[in-house]
Amino acid sequence: MSTAPVPTLTDALAGGTVVLDGGMSNQLATAGHDLSDALWSARLLAEDPEAVTEAHLAYFEAGADVAITASYQATFEGFARRGIGREEAADLLALSVGCAREAARRARTPRRPLWVAASVGPYGAMLADGSEYRGRYELTVSELERFHRPRMEVLAAAGPDALALETVPDTDEAKALLRAVRGLGLPAWLSYSAAGDRTRAGQPLADAFALAARADEVIAVGVNCCTPEDADHAVALAAHVTGKPVVVYPNSGETWDAGARAWTGRPTFTAEQVTGWRESGARLIGGCCRVGPETIAAIAGALRAP
């Protein structure tokens, strides 16, 4: 008996809407793990990779079709500050893909394709000082490309279905990432961190989205790690500017207080919003910080409702 080939993520986006997972960090924190370290969730790749696999599994079983790996803050430079050499760091980057693949293998879900996207966070995530929400690192595009390319090569070699170029704060870094992804043989999505109609660095989102309009490697463009309200405007704009499928996965709507190292306010993200995003062109829809399996389950239900 022959088995039908699993569609690529690119094919899936052409045919409909795909559900992304939610926040890795909040799921790990809920399981009792301390993420106060500068490596954030990437620390657990070295110390407790099973915890990472279980976090992915929770989202797959909630209804997510795509797991985003725990490599957002995983860099050669960040690992080196912890005394982890380059070879071991490369192994940990590859392990991030392996953990997500293992979760897909274990998932007790109705038969449907499950994909893995390797997270490529911004330069500021390595600095662990909040600068990924400001950008403007005083580095050239070429310097940023040289920072990103080596770990992207390692992640690509580990065999994910796509690269998630995510939480990008400004257009210089987007240009660097779009250069770095060339020739890796993988599709990617490009997702900005936005505030209102601008990137976190203050550039017009329309100009930022336009950078990816002609990049063949980019299969979706959009926003993440923003408020749900900011996503409302950004989805329609990304679809209009690029003509590509849109990716959107905002935070819960709560606010991070860096001084108190705590979330404040109340969640504003509701599953009902996602059908509007789909109507505006979104094809990859999920959640970021403080969005857990319960919300992903509601999103999946809303998007798969007849």
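**Note on a predicted model: ring pairs, a helix crossing and a strand residue**

1. Both Tyr192 and Phe209 are buried (under 20% relative accessible area, with exposed meaning over 50% and partly exposed in between, for a 1.4 Å probe and protein chains only). The model is predicted, so local features need pLDDT of at least 70 and side-chain atom pairs count only at pLDDT 80 or more, while totals for chains, interfaces and linings use all residues. Residues are numbered from 1 along each chain as its sequence is written, and side-chain values use heavy atoms, with hydrogens and water left out.

2. The ring centres of Tyr192 and Phe209 are 5.9 Å apart and the planes stand at 70°, so the pair is edge-to-face. Rings of Phe, Tyr and Trp (its six-membered ring) pair if their centres lie within 6.5 Å; planes under 30 degrees apart count as stacked, over 60 as edge-to-face and the rest as tilted. Because Tyr192 belongs to strand β5 (residues 188-192) and Phe209 to helix α10 (residues 205-210), the pair ties together parts that are 17 residues apart in sequence. Helices (H or I, at least four residues) and strands (E, at least two) are DSSP runs, numbered from the N terminus.

3. The count of aromatic pairs comes to five. Another edge-to-face pair is that of Tyr123 and Phe147, at 4.9 Å centre to centre and 80° between the planes. Tyr123 lies in helix α7 (residues 123-127) and Phe147 in helix α8 (residues 141-157), so this pair joins parts 24 residues apart in sequence.

4. How do helices α4 and α6 cross? The axes of α4 (residues 49-62) and α6 (residues 86-106) come within 8 Å and cross at roughly 45°; axes are lines fitted to C-alpha atoms, for helices over the stretch in contact, and angles run from 0 to 180 degrees between N-to-C directions. The two helices are therefore oblique to each other (under 35 degrees is roughly parallel, over 145 roughly antiparallel, 65 to 115 roughly perpendicular and the rest oblique).

5. Residues of α4 in contact (heavy atoms within 4.5 Å) with α6 include Val52, Leu57 and Phe60. Their partners in α6 include Leu95, Cys99 and Ala103.

6. Is Ala282 buried or exposed? Ala282, in strand β12 (residues 282-285), is buried, with a relative accessible area of 0%. Ala282 touches Thr17, Val235, Val246, Val248 and Trp277, not counting residues up to four places away in sequence. Ala282 and Pro245 are 37 residues apart in sequence and 6.0 Å apart in space, C-alpha to C-alpha.
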